[in-house]
Amino acid sequence: MDTGNLGILAGIVISLGFFAMIFAIIYLYKRERMAMIERGMDPRSYKPQSAPYQNLKWGLLLIGSGIGLFLAFILDHSVFRSMDDDVFFLYLSLIAIFGGAGLFLSYKIEKKEVLDREDVRLEK
């Protein structure tokens, strides 16, 4: 297959995928509103629930991923310098490990805050 034809094919597939995604989002939004009306709920009064720890979760995830990336870079340029093998999996695994550690830390902080709030509520 010619690369010119491949470029045209990629443009068509990407455009169709984009429009299909937009259609699916609108369709699901309308379907959700109709289901709310069928159950007797007012869709205009519906407000999404807030996520108070969302910023904490994203922040700790990105900090953990950054630490993992930095540690992989240091290990790649110091310990594994003599190896000519691809160390892509070192980068991938350390980003995943430290990103997961960040999410676990976020979970622990959220759990502690919720328990502390319940203790304060029970004391009153």
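This is a predicted model: local features need pLDDT of at least 70, side-chain atom pairs count only at pLDDT 80 or more; totals for chains, interfaces and linings use all residues.
Modeller: Local features require pLDDT of at least 70 and side-chain atom pairs pLDDT 80 or more, while totals for chains, interfaces and linings use all residues. Residues are numbered from 1 along each chain as its sequence is written, and side-chain values use heavy atoms, without hydrogens and water.

Biologist: How many aromatic pairs does the count come to?

Modeller: Rings of Phe, Tyr and Trp (its six-membered ring) pair if their centres lie within 6.5 Å; planes under 30 degrees apart are stacked, over 60 edge-to-face, and the rest tilted. By this rule the count is three.

Biologist: Are the planes of Phe-18 and Phe-19 stacked or edge-to-face?

Modeller: The ring centres of Phe-18 and Phe-19 are 5.7 Å apart. Their planes stand at 70°, so the pair is edge-to-face.

Biologist: Which class does the pair Phe-88 and Phe-89 belong to?

Modeller: The centres of these two rings, Phe-88 and Phe-89, lie 5.5 Å apart. Their planes are at 70°, so this pair is edge-to-face.

Biologist: Is Phe-89 buried or exposed?

Modeller: Buried means under 20% relative accessible area, exposed over 50%, and partly exposed in between (1.4 Å probe, protein chains only). Phe-88, at 46%, is partly exposed. Phe-89 has 61% relative accessibility and therefore counts as exposed.

Biologist: Where is the place of Phe-18?

Modeller: Helices (H or I, at least four residues) are DSSP runs, numbered from the N terminus. Phe-18, partly exposed at 46% relative accessible area, has its place within residues 3-38, in helix α1.

Key. Helices (H or I, at least four residues) and strands (E, at least two) are DSSP runs, numbered from the N terminus.
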